[in-house]
Amino acid sequence: MDSQALFNDLLGQISTGQGTFRESGEQGKVLMDIVRQLPEQQQLASLRAYLDVILRETFNIVAARQYCNEFCQTVVLLSPGLQKEIIPYALDKIQSRTISFEEQIFALRMRLADELQNGDQDWIQAAKVLSLIPLDSGQKQYAKGVKLDIYMRIGQLYLEAEEYIEAENFIQRVGMLMDSETPEDFRIRHSASFARIQDFRRKYIEASQVSRAFRISRG
């Protein structure tokens, strides 16, 4: 039996509920090991089929999390192009069950943002991906340090894209969260980012004044 046929057979067994919940992690690992042996186009189709099975509404949630964890561990080993195709697909499938998969959503969004930022230098899209992590609205309680790091990263991504209004929104969130325990190097990063925003505001005001004066002179 070739790798694709073996994958399809094992996935079929999982789909029909064969095996115990304790075996979910091991079964997921076996399936992901098989996927890594397939050609890239077959990897994409197989991963979509895998996600379709484990993320359907009727699939046991405990087992689904275990299978999804194996997917998250495997996706970082795939080619950048494949990651950018399969991670959004997974996030879309999970969307209706966000509360049940908060840890997996966090891991997938962080990975996709890394690829968009470092691989494509798509600052805006990377920032949007990170901003959809439910840091304050979900059931999971994120540490203040995690929130600070992500809000700062989003703000700096928008600064790189020269989207100053969006950047200011997140840099202000950072300022509201910082306290006496915030490391000095982080404070410096925040101050530098805030200074860039203030510089933009100053230049914007100056440009507006010049434009207004020009219109009056032509009046």
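Predicted model: local features only at pLDDT ≥ 70, side-chain atom pairs only at ≥ 80, totals over all residues.
I will start with E168, which counts as buried because its relative accessibility is 12%; buried here means under 20% relative accessible area, exposed means over 50%, and partly exposed is what lies in between, with a 1.4 Å probe and protein chains only. Residues are numbered from 1 along each chain as its sequence is written, and side-chain values use heavy atoms, with hydrogens and water left out.

Now, back to the glutamate. E168 sits in helix α9, where helices are DSSP runs of H or I with at least four residues, strands are runs of E with at least two, and both are numbered from the N terminus. What does the side chain of E168 make a polar contact with? The partner is the side chain of R201, at 2.6 Å, and by a polar contact I mean a pair of N or O atoms within 3.5 Å, where, within protein, one must be able to donate a hydrogen and the other to accept it, and where residues adjacent in sequence count only if both atoms are side-chain atoms. If we set aside neighbours within four places in sequence, E168 is in contact with I197 and R201, contact being heavy atoms within 4.5 Å.

As for the helix around it, α9 runs over residues 164-177, and its 14 residues should span 20 Å at 1.5 Å a residue, which agrees with the 20 Å between its end C-alpha atoms; the expected span is 1.5 Å times one less than the number of residues. Besides E168, the buried residues of α9 include Y164, A167, F170, I171 and V174. With 36% relative accessibility, R196 counts as partly exposed.

Let me step back to the whole protein. There are 10 helices and zero strands, and of the 219 residues, 37% count as buried. Among contacts with a separation of 6 or more, 62% come from residues 24 or more positions apart. The protein exposes about 12400 Å², of which carbon and sulfur atoms supply 50%; these areas come from the Shrake-Rupley method with a 1.4 Å probe, and for residues only the protein chains shown count as cover.

At the other end of the sequence, helix α1 covers residues 3-15, and its 13 residues should span 18 Å at 1.5 Å a residue, in agreement with end C-alpha atoms 18 Å apart. Its buried residues are Q4, F7, L11 and I14. Seen down the helix axis, these buried residues fall within an arc of 85°, so they line one face of α1, the arc being that of the directions from the axis to the C-beta atoms. An α-helix has 3.6 residues a turn, so residues three or four places apart point the same way. At the start of α1, a side-chain oxygen of D2 comes to within 3.4 Å of the backbone nitrogen of Q4, and after the helix comes G17, with a positive phi near 85°.

Next, the aromatic residues. Six aromatic pairs are found in a search of the whole structure; rings of Phe, Tyr and Trp (its six-membered ring) pair if their centres lie within 6.5 Å, with planes under 30 degrees apart counted as stacked, over 60 as edge-to-face and the rest as tilted. One of these pairs, Y50 with Y67, is edge-to-face, at 6.2 Å centre to centre and 85° between the planes. Y50 lies in helix α3 (residues 40-54) and Y67 in helix α4 (residues 61-75), so the pair ties together parts that are 17 residues apart in sequence. F59 and Y67 are also edge-to-face, since their ring centres are 5.9 Å apart and their planes at 65°. Ring pairs thus link Y50, F59 and Y67 into a cluster, and the relative accessibility is 0% for Y50, 2% for Y67 and 10% for F59.

Finally, two loop residues. Q121, in the loop between α6 (102-119) and α7 (123-131), has a positive phi near 55° without being a glycine, and at 53% relative accessibility it counts as exposed. E162, in the loop between α8 (144-160) and α9, likewise is not a glycine and has a positive phi of about 60°, and E162 counts as exposed at 58% relative accessibility.
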